Amino acid sequence: MTLFNAEYSKLITVSASYGAPLMQLSHLHVRDLVGNLVGASDVFRKFEIDFYRIGGLELHEAAARQHLPFEDIETALACLPPNPSPPPTSTMGLITYIDTRYHAVHRTHLLSAIRLAKAIEVNEKNDTAANQPCPSGLTNLLTLLFDTLEDHQEGEAENLYPALINSPQHSLRYPVCRAMVEHDEISEQLDTLARLTNGYLPPEDAGLRQRILYKLCSVLDGDVRLHMHLENNLLFPPFAGDVAIAS
């Protein structure tokens, strides 16, 4: 059974049924837990841990930094199965994976969410299935997020990714730092989206379309944060020195 990393092999006890680590989670890095346990990113989102920002921290450090109960996080993570298909480790492999798995998917999810939000807003007075209107500003926020992500992803595809493939390591500090700043801007918009939708929890009497919209927004939130995690914690560090390492 594959363990997270050779350096941790003496620290981890593996469950025969799940393959999840049962002890010494405190000294595993957040980035490794996200990449190697199915559902770890959802656990971190639940506890509001920005795993894409602090992937270089050990779990106990991340919990202490945000004043969170480490034991609760550890228990939630210890029940997760291992990821049978962790992300690629090579620069080219990671870029291809991010481009095919996330870029087009974000675009599709956002366009669907915008269309659905507009339809609910237009028909909310006459649609008996929509008992609750969309929160004010939701369509505008989704449109802003779409525009922000489009600009960011175009810049990556046209400029940053080719540079990462063709340029020497440690020579791309500025463009990498700029991409990470854009990640923070995107994260702020996602945080606003979560607040506006009550953590993506629809009202009890919400109609079907609003429930679908909130679920779509939640999936989008998780996907975008995983996208940023892969770049900040895996793809960028060799080209950014210590800039990409959380402290």
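Select helices α7 (173-196) and α8 (208-235): the crossing of α7 and α8 is left-handed, a term used if the near helix is turned anticlockwise from the far one by less than a right angle, with right-handed meaning clockwise. The angle at which α7 and α8 pack is about 160 degrees, and their axes are 11 Å apart. That makes α7 roughly antiparallel to α8. (Angles under 35 degrees count as roughly parallel, over 145 as roughly antiparallel, 65 to 115 as roughly perpendicular and the rest as oblique; they run from 0 to 180 degrees between N-to-C directions, and axes are lines fitted to C-alpha atoms, for helices over the stretch in contact.)

Before going on, note that this is a predicted model, in which local features need pLDDT of at least 70 and side-chain atom pairs count only at pLDDT 80 or more, while totals for chains, interfaces and linings use all residues. Residues are numbered from 1 along each chain as its sequence is written, and side-chain values use heavy atoms, with hydrogens and water left out.

Zoom out to the whole chain. It holds nine helices and zero strands, where helices (H or I, at least four residues) and strands (E, at least two) are DSSP runs numbered from the N terminus. Of its 247 residues, 46% count as buried, that is, under 20% relative accessible area, with exposed meaning over 50% and partly exposed in between (1.4 Å probe, protein chains only).

α8 is mostly covered, with 21 of its 28 residues buried.

Within helix α8, pick N233. N233 counts as buried, at 7% relative accessibility.

Move to N198, in the loop between α7 and α8. N198 is a residue other than glycine with a positive phi, near 55 degrees. N198 is exposed, with a relative accessible area of 53%.

A second residue of this kind is E48, in the loop between α2 (40-46) and α3 (59-65). E48 is not a glycine, yet its phi is positive, at about 60 degrees. With 63% relative accessibility, E48 counts as exposed.

Now select α5 (residues 91-123) and α6 (residues 138-166), which pack at an angle of about 165 degrees with their axes 10 Å apart. α5 and α6 are therefore roughly antiparallel to each other. In the contact of α5 with α6 there are 16 nonpolar, six polar and five charged residues. (Ala, Val, Leu, Ile, Met, Phe, Trp, Tyr, Cys and Pro count as nonpolar, Asp, Glu, Lys and Arg as charged, and the others, Gly among them, as polar.) α5 passes α6 in a left-handed crossing.

On α6, pick F146. F146 is buried, with a relative accessible area of 17%.

End on α5 by itself. Its 33 residues reach 47 Å from first C-alpha to last, close to the 48 Å expected at 1.5 Å a residue. Centre the view on D99, where α5 has a kink of about 30 degrees; the bend at a residue is the angle between axes fitted to the seven residues ending there and the seven starting there.

Definitions and conventions
Expected span 1.5 Å × (residues − 1).
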